[in-house]
Amino acid sequence: MQKTFCSSELTPSQTRAFLDLIKTCQSYEPVRLGFPDDAELFLFTCEQTTVISCLIVCKVQNDLWECYVFTHPNRRKKGLCRDLIGKLCELAPADTELVFLLDHQSPDALTAFSFLEMDLWRTEYQMERRISQKEALTALPFPPAADAFSLSCKKIREDGEEGWEFIVFSCADTPSAFANPVGHCRVLKHGHARFYLYHVEISPDFRRQGLGTWLMETVMQSLPENTGLYLHVSADNTPAVKLYKKTGFHITETLSYYLY
């Protein structure tokens, strides 16, 4: 007999059941999506004591909920996913956008999303760059025009994580070396050996001068050795993807976001 539950937190035994289900799905297909660290809502269907389908929700914003769905391979095409999504729609405020992630490793998930008439919102890449010992010990590079640009770095704390903000300044025609910020990025530490790069931007008038490459190289050489630097970038942002590939990043995952 099947029963469906909804909870804002899981017991240790329920957590293990979720992880077992996800592991089973990953062994059936090369799915890279896993249990999100910031999950806040759980809907799941059990058959006796076994979780056979689950819907995990991360409330990114009040009106934007990010959703992960896993169904046991032997229980698919039976409406379990559809029923859980229906219950989530009943719980979510009327103006909430439900966004479902797909990592292109599950044909069954793509079929289900198509059947449910979900709309593709956007596609992005997860990219990774490993920081070697040699790179970590190398002196920081000079900017493309050493007398025209400067860089500052300050510590930040965001969502409980420590990190750094790097800011590029233009020194040209100004009395102060820190008068005109023309680029920036942020790095947050996540766990023991993982760092996340985000908010990378070079002002339009200062692009194609090597500043993006210099900023990336400076960030990477500022990180500890034998760590990983990760980022997400829109698949449509060709210049950014080229920059990251040029500075040694490679695509590890393709994620598509579907609206329901």
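Q: What makes a pair of side chains a salt bridge, and how many are counted in this structure by that rule?
A: A salt bridge is a side-chain nitrogen of Lys or Arg within 4 Å of a carboxyl oxygen of Asp or Glu. By this rule the count for this predicted model comes to 12 salt bridges.

Q: Why is the contact between glutamate 124 and arginine 122 called a salt bridge?
A: The side chains of glutamate 124 and arginine 122 meet at 2.7 Å, N to O, and because the cut-off is 4 Å, the pair qualifies as a salt bridge.

Q: How do you know whether glutamate 124 is buried or exposed, and where does arginine 122 fall?
A: Glutamate 124 has a relative accessible area of 8%, and since buried means under 20%, glutamate 124 is therefore buried. Arginine 122 stands at 33%, a value between the limits of 20% and 50%, so arginine 122 counts as partly exposed.

Q: What makes glutamate 165 and lysine 154 a salt bridge, and which parts of the chain does the pair link?
A: The closest N and O atoms of glutamate 165 and lysine 154 are 3.5 Å apart, and because the limit is 4 Å, the pair meets the criterion. The pair links distant parts of the chain, with glutamate 165 in strand 8 and lysine 154 in strand 7, 11 residues apart. Glutamate 165, with a relative accessible area of 11%, is buried, whereas lysine 154, with 47%, is partly exposed. Both residues also belong to a network of salt bridges that links Lys154, Glu158, Glu165 and Arg186.

Q: Which distance joins arginine 157 and glutamate 162 in a salt bridge, and are the two buried or exposed?
A: Their side chains meet at 3.3 Å, N to O, in a salt bridge, and both arginine 157 and glutamate 162 are exposed.

Q: Why is threonine 45 called buried, and what does its side chain meet?
A: Threonine 45 has a relative accessible area of 5%, and because the limit for buried is under 20%, threonine 45 is placed in that class. The residue lies in strand 2 (residues 41-47), and its side chain makes a polar contact with the side chain of threonine 4 at 3.2 Å.

Q: Which residues touch the most other members of the largest nonpolar core?
A: Of its 27 residues, these are Val187, Leu197, Leu215, Leu229, Tyr244 and Phe249. The largest share of this core, six residues, comes from helix 5. Beyond its neighbours within four places in sequence, leucine 215 is in contact with residues including Leu151, Phe166 and Val168.

How values were computed. Residues numbered from 1 in each chain as written. Predicted model: local features only at pLDDT ≥ 70, side-chain atom pairs only at ≥ 80, totals over all residues. Heavy atoms only, no water. Core = buried A, V, L, I, M, F, W, Y, C linked by side-chain atoms within 4.5 Å. Buried < 20%, exposed > 50% of the residue type's maximum accessible area, 1.4 Å probe, protein only. Helix = DSSP H or I, 4+ residues; strand = E, 2+ residues; numbered from the N terminus. Contact = heavy atoms within 4.5 Å. Polar contact = N/O pair within 3.5 Å; in protein donor to acceptor, adjacent residues only side chain to side chain.
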